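Subject: Structure for your files

Hello,

Here is the structure I said I would pass on. My notes on it follow below.

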Amino acid sequence: MTEFPTDEEGRRSSAALGRAVVADALRPVDPAAAAAAERETDWRRGYPRHFRALVEAGLSADGAAGYEIAEAGLLALHARMRYVRDDGEFTLAQALLAEPERPYGTVEVAGSGKPDPELDLVPRLDAWVAAGVIEESCADAVREVAANPDWLDLSDLKFALLGAGAEMGPLKWLLNWGATVLAVDLPRPELWERIAGVARESAGRLMAPIGTDGTPGADLGAEFPQVASWLLGFDGQLVLGNYGYAPGAAYPKLAAAVDALAVHLRQQRPDTALAVLATPTDVYAVPGDAVDDSRARFAARGLRAKLTSPLSGRQLLRPNYPLPAAPGINDSLVPQQGPNYALAKRIHRWRATLARRDGVVSFAVAPPTRTRSVLSNRLLKAAYAGAHLFDVEVFDPATASRLMAVLLIHQVRKPRAADAAAWRDETVAAAHGGLWRTAYFPRTALPLAAVRGFW
């Protein structure tokens with residue numbers, strides 16, 4: 001089982017891990033920010049400013065410092081995380097070197113449908129760009145895929161999807177476009193009934209690991225070495241997609257296990273491509289035109305909004321970008337999601353940053369979406385219901401997953417080289433739902449959106 005390291009009192013703390021990893025990531029480029037992270041006594045409430053510091057520090061050296069931060073952060077993570085078995089504790093890399101005691105079998109589901117290359121997203125692109133919901137580069141990527149329909153014949157590609165049943169994952173679309181999908185998700189019969197149903201109606205082929213009890217699936221946190229061995233049993237290039245989620249402290253454990261698996265696969269198969277979805281509720285450096293658009297919206301706000309901020313003691317409806325900047329810092333972290341969520345998502349981003357320097361990576365910021373995990377939080381559910389009041393569009397899962405699947409195909413079919421500035425790579429094809437261009441600093445609009453959403 002993947003676990004946090006123990007402290008001097010034998011406790012395994014997600015907060016201690018997060019604090020240490022963030023501090024170590026900052027240390028090479030901003031020692032003062034690293035020291036501030038180490039001194040943080042209330043990580044649960046204080047983490048946002050330190051995750052913002054990771055992005056701000058990454059802008060030094062014309063953006064190249066982002067690569068140093070990513071490398072230092074991942075080294076710190078892997079130096080600390082442990083794989084615990086009955087016979088002892090090991091690093092995650094050591095766990096991957098052992099032969100699995102119970103290798104998986106394989107179950108296969110062949111689809112009987114015909115490929116569906118229709119892209120009904122194209123008519124919506126102009127409206128999304130005009131509303132500031134997606135970046136122009138996102139629309140351009142979708143249009144390019146539509147102009148090259150042969151790109152959507154995926155019969156030549158093999159995708160390994162970790163968290164295959166995720167609402168935001170591309171499983172349905174990849175299978176509809178004729179791909180072979182190696183699907184990994186938890187061994188839950190009802191989940192696999194749904195996944196198998198999608199596969200049977202598709203034009204593709206699905207294969208899944210199966211245990212000795214005959215149940216498809218695998219627990220990545222506990223069995224990532226066995227999953228790695230199973231994936232390496234298939235010939236040809238893999239596109240490894242990371243779509244798994246776990247609540248609370250289980251999420252950074254899962255992220256660490258998946259990251260170790262990805263590193264191992266790329267060591268064994270250097271042509272392995274990576275696919276990552278980035279959350280919009282994070283901190284990003286964004287282009288100057290997004291800053292200018294947001295500031296123009298703020299200047300054009302109505303009288304009620306102008307009065308709300310001073311009446312709230314400047315706690316509500318503050319500007320998204322107080323000063324013009326290129327790039328600007330968009331801080332859309334939602335404290336209610338917590339430091340474990342933020343750390344897991346940063347691990348994904350760091351790996352994408354490093355992997356693009358020597359391989360193919362699909363990375364795009366996904367829009368806010370009404371997934372089950374988000375709607376399970378009462379406050380977030382209400383905030384999403386009222387987000388349209390602040391020019392933020394919340395997508396339904398089917399639309400969001402299809403959009404991100406198209407962007408995945410674009411980046412696999414037309415890979416791009418790493419930018420000298422790591423932050424610029426993260427802005428390409430972003431579909432942030434408007435969070436980068438809304439007039440208001442998101443955390444100062446969230447309470448009002450939630451109030452409206454509760455009505």
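How many aromatic pairs does the count come to? The count comes to 10 aromatic pairs, where rings of Phe, Tyr and Trp (its six-membered ring) pair if their centres lie within 6.5 Å, and planes under 30 degrees apart count as stacked, over 60 as edge-to-face and the rest as tilted. One of them is W230 with F234, an edge-to-face pair with 5.0 Å from centre to centre and 80° between the planes. Both W230 and F234 are buried (under 20% relative accessible area; exposed is over 50%, partly exposed in between; 1.4 Å probe, protein chains only).

This is a predicted model: local features need pLDDT of at least 70 and side-chain atom pairs count only at pLDDT 80 or more, while totals for chains, interfaces and linings use all residues. Residues are numbered from 1 along each chain as its sequence is written, and side-chain values use heavy atoms, with hydrogens and water left out.

The rings of Y251 and Y341 have centres 5.8 Å apart and planes at 45°, so this pair is tilted. Y251 lies in helix α11 (residues 250-268) and Y341 in helix α14 (residues 338-355), so the pair ties together parts that are 90 residues apart in sequence. Helices (H or I, at least four residues) and strands (E, at least two) are DSSP runs, numbered from the N terminus. Y251 is buried at 3% relative accessibility, and Y341 is buried at 16%.

On the nonpolar side, the largest core has 82 residues, of which F224, L231 and L261 touch the most other members. A nonpolar core here is a set of buried Ala, Val, Leu, Ile, Met, Phe, Trp, Tyr and Cys residues joined through side-chain atoms within 4.5 Å. Helix α11 gives the most to this core, with 10 residues. A second, separate core of 54 residues includes L119, L125, A139 and Y243.

There is also an open sheet of seven strands with mixed pairing, in the order β4-β7-β6-β5-β8-β9-β12; two strands pair if DSSP finds at least two bridges between them. β4 (105-110) and β12 (361-365) stand at the edges with a single partner strand each, so one side of each has no neighbour in the sheet. Strands β5 (residues 158-162) and β6 (residues 180-184) pair in the parallel sense over five bridges, and L162 stands opposite V184 in β6.

Regards
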